[in-house]
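Please read the following note alongside the sequence and the structure. It takes the form of numbered points.

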Amino acid sequence: MPQKEEIRLSELNEPLSHYTDATRFGDLLFVSGCAPLDVDGNLIGGDDVAAQARATLENVGAILEAGGATFADVLKVIVYLTDVNDHAAINPIRQEFFGDSRPCSTLIGVKELIVPGMKVEIEAIAGIST
């Protein structure tokens, strides 16, 4: 029977609520919603959604690596944007990180995110080959 393993990275900001960065269960890795925040919880990228997306995906990448996965292992991403029209600005950034890999994806427009000025949040599910 697979065991649940919580993954918490000290180089990322402290969780803003009661959660961990990721949970591994068997060959699945569930990455919590990631934000464009530095280790001290400061917003990265200012008002630039592309810069925020880059910082967010860098954080996702660090968590994937800690869980034994890469962007090529991502099965599904869920992207939350405060303006769905920003998808055009973040798509090149996503392509840069995912390369030829095309995970299933859902885009959800939201009124606001937890940190003032935050425009994007991304969560992921990865499959880990053992």
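1. Basis. This is a predicted model, in which local features need pLDDT of at least 70 and side-chain atom pairs count only at pLDDT 80 or more, whereas totals for chains, interfaces and linings use all residues. Residues are numbered from 1 along each chain as its sequence is written, and side-chain values use heavy atoms, with hydrogens and water left out.

2. Strand pairing. Helices (H or I, at least four residues) and strands (E, at least two) are DSSP runs numbered from the N terminus, and two strands pair if DSSP finds at least two bridges between them. β1 and β2 are antiparallel, with four bridges; Glu 5 has Arg 24 of β2 as its bridge partner. Four bridges also join β2 to β3 in the antiparallel sense, and Thr 23 is bridged to Phe 30 of β3. β3 pairs with β6 as well, antiparallel over five bridges, and Leu 28 is placed opposite Gly 127 of β6.

3. The β2–β3 hairpin. Two residues separate the strands of this hairpin, and Gly 26 adopts a positive phi near 60 degrees there.

4. Thr 20. This residue belongs to the loop that runs between β1 (4–7) and β2 (22–25). Thr 20 counts as buried because its relative accessibility is 12%; the cut-offs are under 20% relative accessible area for buried, over 50% for exposed and partly exposed in between, with a 1.4 Å probe and protein chains only. Its side chain comes to 2.7 Å from the backbone oxygen of Ile 7. Contact means heavy atoms within 4.5 Å; apart from neighbours within four places in sequence, Thr 20 has contacts with Glu 6, Ile 7, Arg 8 and Ser 32.

5. The largest nonpolar core. A nonpolar core is a set of buried Ala, Val, Leu, Ile, Met, Phe, Trp, Tyr and Cys residues joined through side-chain atoms within 4.5 Å. The largest one holds 29 residues, of which Leu 29, Val 31 and Leu 64 touch the most other members. Two or more residues come from each of β3 (28–34), α1 (49–66), β4 (74–81), α2 (87–98) and β6 (120–127). The greatest contribution is that of α1, with seven residues.

6. Val 31 and the second core. Once neighbours within four places in sequence are set aside, Val 31 is in contact with Asp 21, Ala 22, Ile 63, Leu 64, Glu 123 and Ala 124. A separate second core has seven residues, among them Ile 78, Tyr 80, Val 115 and Met 118.

Note on methods
A polar contact is a pair of N or O atoms within 3.5 Å; within protein, one must be able to donate a hydrogen and the other to accept it, and residues adjacent in sequence count only if both atoms are side-chain atoms.
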